[in-house]
Amino acid sequence: MDVTNINESPERNHSSGYAVYFVVYMLVGSLFVMNLFVGFIVDGFNVNHGKTKADQLYSSFLRKLKSVEPSPRIAKPPKFIVADLARRLDASRRFQLFSAGCVLVNTAFMLCEHAEHKGGPDDHELFMLVMDVQNAIFYGELIFEIVVFLLAQGPIGFTRDSWKLFDLAVAVGLSTGYILRQDELGQFTKAFRMLRIAKLIRVFKPVRIILETFISSLPQLLNVLLLLFLVYAIFAAVAMRLFGTVKYGVRLGPTANFEDWGNSMVAIYQIITGDEWMDLMADCSIQPPMCTQKFEGFSFGDCGSQYAPVYFLALKLVCES
């Protein structure tokens, strides 16, 4: 972005349009290439692991079977008129959409901020009043949901529905904050309430399908992570062999070195995240007379390797892309 014309000194933000190149590179190089790489690995694993069409149908059948299996009832739900009405209300699609809408609106309010110095004290007081009112309204809506479910299924119903148990925990935390009136506890419980947005997963079918697909793919994902860990471990072992005795330099030092396998793994993580890896590469490329090729009485010195650029570029391409 600081590039100017030929034979001219760089100037800060002279060519700001060039930033588009780096944005496109990050999107294509990091996201697309990584997804393509992982996709090929997963696809190859499925092929070699016997994932035929019959195996896929069988796995789909098992997932479907788990979703429709009967759940044991510890106790029967209440049997009276109010309980029947509460069960109908709790199971209705409109009530679920209303609950999800309240969660979204409440989350939108909680994401709002107001800079007191940009407005008068009256504006700030109005903003705080609106936030307090909406918190009270959605707190009441949450209590109403819990009361409806309690009437519909009874206290034992919370043991069968983890989402409602989560709502009960949020309600208890909010109630504790309101009763004790402690600012720190109140802010914590209000932030905890934002986790209710996860309830949208059970309301919207496409999101639920994506989550179920992700959960079913976790075993394959663990295999991919294990493969990546092995690749990192191999690079760490090679770096320890090549640069384990290199003298400290600009970046190579106590916080980034290859003296043992653990430090090598940490240094590789720093390289992948772009933590001054070019300086680290230059330190590992040091040659005489800036270092000692071989110490007297020993078979090693503190010089780097001329193949350091090859190693670092391979590490960036394989482990980062």
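Glu-276 sits in the loop between α11 and α12, where helices (H or I, at least four residues) are DSSP runs numbered from the N terminus. Its phi is near 50°, a positive value in a residue other than glycine. With a relative accessible area of 43%, Glu-276 is partly exposed; that label covers the range between buried (under 20% relative accessible area) and exposed (over 50%), using a 1.4 Å probe and protein chains only.

Keep in mind that this is a predicted model: local features need pLDDT of at least 70, side-chain atom pairs count only at pLDDT 80 or more, and totals for chains, interfaces and linings use all residues. Residues are numbered from 1 along each chain as its sequence is written, and side-chain values use heavy atoms, with hydrogens and water left out.

**Helix α11 and Gln-270**

- Gln-270 belongs to helix α11, which covers residues 261-272.
- Is Gln-270 buried or exposed? Gln-270 counts as buried, because its relative accessibility is 14%.
- A polar atom of the Gln-270 side chain lies 3.1 Å from the backbone oxygen of Thr-255. For reference, a polar contact is a pair of N or O atoms within 3.5 Å; within protein, one must be able to donate a hydrogen and the other to accept it, and residues adjacent in sequence count only if both atoms are side-chain atoms.
- Setting aside neighbours within four places in sequence, Gln-270 is in contact with Arg-251, Thr-255, Ala-256 and Asp-275, contact being heavy atoms within 4.5 Å.

**Helix α12**

- Helix α12 runs over residues 277-284, and its buried residues include Trp-277, Leu-280, Met-281, Asp-283 and Cys-284.
- Looking down the axis of α12, the buried residues fall within an arc of 160°, so they line one face of the helix. The arc is taken from the directions from the helix axis to the C-beta atoms.
- The cover over those buried residues includes α10, α11 and α13 (308-320).

**Nonpolar cores**

- The largest nonpolar core has 25 residues, and those with the most contacts inside it are Phe-243, Phe-258, Tyr-311 and Phe-312. A nonpolar core here is a set of buried Ala, Val, Leu, Ile, Met, Phe, Trp, Tyr and Cys residues joined through side-chain atoms within 4.5 Å.
- Which elements give two or more residues to this core? They are α10, α11, α12 and α13.
- Tyr-311 touches Phe-235, Ala-236, Val-238, Ala-239, Phe-243 and Ile-268, leaving out residues up to four places away in sequence.
- As background, nonpolar side chains in soluble globular proteins tend to be buried together.

**Aromatic pairs**

- The structure holds nine aromatic pairs. Rings of Phe, Tyr and Trp (its six-membered ring) pair if their centres lie within 6.5 Å; planes under 30 degrees apart count as stacked, over 60 as edge-to-face and the rest as tilted.
- Phe-243 and Phe-258 make a tilted pair, because their planes are at 55°, with ring centres 5.7 Å apart.
- That pair links distant parts of the chain: Phe-243 is in helix α10 (residues 218-243) and Phe-258 in the loop between α10 and α11, 15 residues apart.
- Phe-243 is buried at a relative accessible area of 1%, and Phe-258 counts as buried at 1% relative accessibility.
- Phe-298 and Phe-300 form a tilted pair, 5.5 Å centre to centre with 55° between the planes. Phe-298 is partly exposed at 48% relative accessibility, and Phe-300 is partly exposed at 38%.
- Ring pairs also link Phe-235, Phe-243, Phe-258, Tyr-311 and Phe-312 into a cluster.

- How many disulfides does a search of the whole structure find? It finds one, with a disulfide defined as a pair of cysteine sulfur atoms within 2.5 Å.
- Cys-291 is joined to Cys-303, at an S to S distance of 1.9 Å. The link of Cys-291 and Cys-303 is right-handed, with 105° about the S-S bond.
- Cys-291 and Cys-303 are both placed in the loop between α12 and α13, 12 residues apart.
- Cys-291 is buried, with a relative accessible area of 10%, and Cys-303 counts as buried at 9%.
- The peptide bond from Pro-288 to Pro-289 is cis, with omega near 10°; Pro-289 is in the loop between α12 and α13.
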